[in-house]
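Morning, everyone. Please have a look at it first.

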Amino acid sequence: MLAKLQQHINTNLPFLMDKKLLITISGGIDSVVLTYLLHKLKLNISLAHCNFKLRGKDSFKDADFVKDISESLNIPFFTIEFETLKYAEENKISIQMAARDLRYNWFQKISTEQNFDYILTAHHLDDVLETFLINLTRGTGLNGLTGIPEINGNIVRPLLPFSRNDILIYASKNKLKWREDKSNSSIKYVRNKIRHKVIPVLKELNPNLLNSFENTLNNLRGSQQINQDHIKNILEKVSEQHENELIFNIKKIKQLNNPKIYLYELLKNYGFTEFEDVEALLTAQSGKQVFSKTHRLLKDRNVLILTEIEKNDDLLNFEISENTPKIEKPIPLKFETITIPFDTKNYQNKILEEVLFDDKNTVSLDYDKITFPLIIRKWQKGDYFFPIGLNGKKKISKFFKDEKLAITAKENIWLLLSNNQIIWVIGHRLDDRFKVTKTTNKILKITC
């Protein structure tokens, strides 16, 4: 097995040879064998062990066992204890999901802090088969049927070509010791039920099940690559990237043979799961939207707009104190104070002439008409102002409609206020009440 692993790394994972590697080790046979194999291959490895405190004294014995391995091999060792049950309850998730979140978050944290290049796990071919069957029973697409990826970002799984039996034979021949997790024999978990009940029956039907599965897996991965290439071409035809927005043309999507399936393929990497709702956006009214945990898909006239969900500053008020030269958040603005000397009519006329040529990104305010601190916030229902150049007030919502602003454009607009009165729809229109006049003695010039 050592020679086969060396060949596999040389052929498929050569980048591991001169990198700093972190092995995630439970103390079970798989991760113990991976540790000894890579140590013999003289790779630069360290060990990371999680104590989830789920199995009483056995959890602490596992940690001690792994620590002993690290000391005997003279390998750096990292360990941590988690309150897994508490985390699962607080986040309302299963214990298995809680343990997964905790360990992978910690592995990434160590990787960043200690400058590890890759995180290695001991998943093998049997694990891939189990995952395939689990996903098959739950319903899935090609991604779910192609199993566990060998390389996923900075996570690498060098043992995927090897079976559980290969690992057992190597451990036995080399008289390695490992820790048995008694929960692995319990069939109350789906994976264990498939491992102990389903797969043995499949192996009775086909003694070469793993070899046949590996061939199937390679075929599926080939099909997956063809599918990805096709979806990439479709994406270029039906969408355009505008800054932080990916905009899909609804008409072009509807012309595809199966819009729902294409929407699934185009959007699955953004965390969407409710594809009945996603498809319904094609015929919904403007303003309808569907959310994933990380993204929003919005219907706006003849397009669907995909944007990432960022930290919500919409409900925040940002204060600007007097004599502030500039700000960066929530929007970059520069402030300049101009004092007009008394009895300098020519200078005043020159300033007024310049003010007349302010563009949408620059406004000049009568300093004496404003009250500090100024406030920047998003628009709210019922907001109104007195647009310069018009007689009377107008609701902000009506102003947006007259300006023919897209929904996402409206959401990105900020207002500048003084004493709860709107001074400026930033980047669009000044309020007439705060404009510079012939009696103005001091000006606040703002540029965005």
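What percentage of the 448 residues of the chain count as buried? It is 42%, where buried means under 20% relative accessible area, exposed over 50%, and partly exposed in between, with a 1.4 Å probe and protein chains only.

Some ground rules. This is a predicted model: local features need pLDDT of at least 70, side-chain atom pairs count only at pLDDT 80 or more, and totals for chains, interfaces and linings use all residues. Residues are numbered from 1 along each chain as its sequence is written, and side-chain values use heavy atoms, with hydrogens and water left out.

Overall form next. The C-alpha trace spans about 100 × 55 × 40 Å along its principal axes. The radius of gyration is 31 Å, while a compact globule of 448 residues would have one near 22 Å. That radius is taken over C-alpha atoms, and the globule rule is 2.2 Å times the number of residues to the power 0.38. The chain has 16 helices and 22 strands. These are DSSP runs, numbered from the N terminus: helices are H or I with at least four residues, strands E with at least two.

Now the cores. A nonpolar core is a set of buried Ala, Val, Leu, Ile, Met, Phe, Trp, Tyr and Cys residues joined through side-chain atoms within 4.5 Å. The largest has 32 residues, and Leu-5, Val-33 and Leu-120 are among those with the most contacts inside it. Helix H2 (29-40) is one of the elements giving two or more residues to this core. H2 gives the most, with six residues. A second, separate core has 22 residues, including Tyr-262 and Phe-272.

On to the rings. The whole structure holds 14 aromatic pairs. Rings of Phe, Tyr and Trp (its six-membered ring) pair if their centres lie within 6.5 Å; planes under 30 degrees apart count as stacked, over 60 as edge-to-face and the rest as tilted. Take Phe-78 and Phe-116: centres 5.9 Å apart, planes at 85°, so edge-to-face. Phe-78 lies in strand E3 and Phe-116 in the loop between helix H5 and strand E4, so the pair ties together parts 38 residues apart in sequence. Phe-116 is buried, at 7% relative accessibility.

Tyr-367 and Phe-372 have centres 5.7 Å apart and planes at 45°, so that pair is tilted. Tyr-367 is buried at 7%; Phe-372 is partly exposed at 22%.
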